[in-house]
Amino acid sequence: MHGEYKVPGGKLVTVDLTVEGGALRDVRVAGDFFLEPDEAILSIDGALEGAPATTDTAGLAARITAALPESAVLLGLTAEGVGIAVRRALAHATEWDDYDWQLVHSEPQAPALHMALDEVLTAEVAAGRRAPTLRVWEWASPAVVIGSFQSLRNEVDPVGAARHGMTVVRRISGGGAMFVEPMSTITYSLSVPESLVSGLSFADSYAYLDDWVLDALGDMGIKAWYQPLNDIATDAGKIAGAAQKRMVGPDGGPGAVLHHVTMSYDIDAGKMLEVLRIGKEKMSDKGTRSAKKRVDPLRRQTGLAREQVIENMIASFRGRYGLSTGGVTTEELARAQELVQTKFATEEWTARVP
């Protein structure tokens, strides 16, 4: 069995092993990390040898930590990262390079249709009828997108939303509200097989699926990092937030994961405050007193046009994993349009949590 895991902000860890009698055997840890003293790698292998195959990530990490000499120095490597690589090997996890990725980047769409396309395309990946997909959104109109479990009245000021022509829609994933203006927002979705995140906790899967965009931002001069649970941050402030939804496959089998991210290229913070009801507790949680400090636009940090930022992001993904240009099929679009009428544009769905 073979498992791989790139430690967030660190290096790639690979593990090869077998399982005999319910225990790990012939464990070999490798990667492009740095480790001192040299023989510490043997301590890691030895700590995992004979461990019950049911041991969770924390238990594996504890075995490794206990076995390492006090003088050990790990750079680009963590005991938990090795544990995750082991769990991914045992779960027969797939890797990014195992797939032929497809790009969907089409003309601007209405907010409700974007919600529907996320559901339809991810369901198609779960059913095995669509390749894993990176979809870059273009917005036809301004919107407030609230999380699946958020209270409509607690999150949105209807007077402010109407004044600024904001459509209010509810997505299928959890998380917080998104304030969207077409030329000030960059949004993308990943619709991926569940096996890509096998062996990862829900929290770890956020960092794992965000890793490529951190490199893309780095190439544009932005030092960014994953900030648990679902933010991408820089020294200057938060620049993006992610959300996920898991979908089961046909007959309850392995399914797919929807992971979407909204990034602030530019923002009218005053308008946002008139539309969103951002409470003091929310601001305190983000470590700021002013909403104007919560989101730091990409425009100021990169000096690039929005279209160029998107182009650079797509190029970075293509360079890492390959990416062919595709599109939404006629059948997928028809199903999405049907969902707009029966779900995403209805008051029943939008106000399901009043």
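## Aromatic pairs around Phe317

The predicted structure holds twelve aromatic pairs. In one of them, Trp101 and Phe317, the ring centres are 5.4 Å apart and the planes stand at 80 degrees, so the pair is edge-to-face, the cut-off for that class being over 60 degrees. Trp101 belongs to the loop between helix 3 (79–90) and strand 6 (102–104), while Phe317 belongs to helix 11 (residues 306–321), so the pair ties together parts that are 216 residues apart in sequence. Both partners are buried: Trp101 has a relative accessible area of 1%, and for Phe317 the value is 0%.

Phe317 also pairs with Trp212, and here the ring centres lie 5.0 Å apart with the planes at 85 degrees, so this pair too is edge-to-face. The pair again links distant parts of the chain, since Trp212 sits in helix 7 (residues 202–219) and Phe317 in helix 11, 105 residues apart. Trp212 is buried, as is Phe317.

## The aromatic cluster

Trp101, Trp212 and Phe317 are among the members of one aromatic cluster. The cluster also includes Tyr5, Trp96, Tyr99, Tyr188, Tyr208 and Tyr321.

## Helix 11 and its buried side

Helix 11, which carries Phe317, has 16 residues and reaches 23 Å from its first C-alpha to its last, close to the 22 Å expected at 1.5 Å a residue. Its buried residues are Arg306, Val309, Ile310, Met313, Ile314, Ser316, Phe317 and Tyr321. These residues cover an arc of only 155 degrees around the axis, which puts them on the same side of helix 11. On the other side of the helix, Glu311 and Gly319 are exposed.

The buried residues of helix 11 pack against several elements, namely strand 6, strand 7 (133–136), strand 11 (185–193), helix 7, strand 15 (256–264) and helix 10 (298–302). Helix 7, one of these packing partners, is the element that holds Trp212. After helix 11 comes Gly322, whose phi is positive, near 80 degrees.

## Charges over rings

Two further aromatic residues have a charged side chain placed over the ring. The charged end of Arg246 sits over the ring of Phe202, at 4.0 Å from its centre. For Trp349, the charged end that sits over the ring is that of Lys343, 4.5 Å from the ring centre.

Note on methods. Residues numbered from 1 in each chain as written. Predicted model: local features only at pLDDT ≥ 70, side-chain atom pairs only at ≥ 80, totals over all residues. Heavy atoms only, no water. Phe/Tyr/Trp six-rings, centres within 6.5 Å; stacked < 30°, edge-to-face > 60°. Helix = DSSP H or I, 4+ residues; strand = E, 2+ residues; numbered from the N terminus. Buried < 20%, exposed > 50% of the residue type's maximum accessible area, 1.4 Å probe, protein only. Lys NZ or Arg CZ within 6 Å of the ring centre and 35° of its normal. Expected span 1.5 Å × (residues − 1). Arc of directions from axis to C-beta. Contact = heavy atoms within 4.5 Å.
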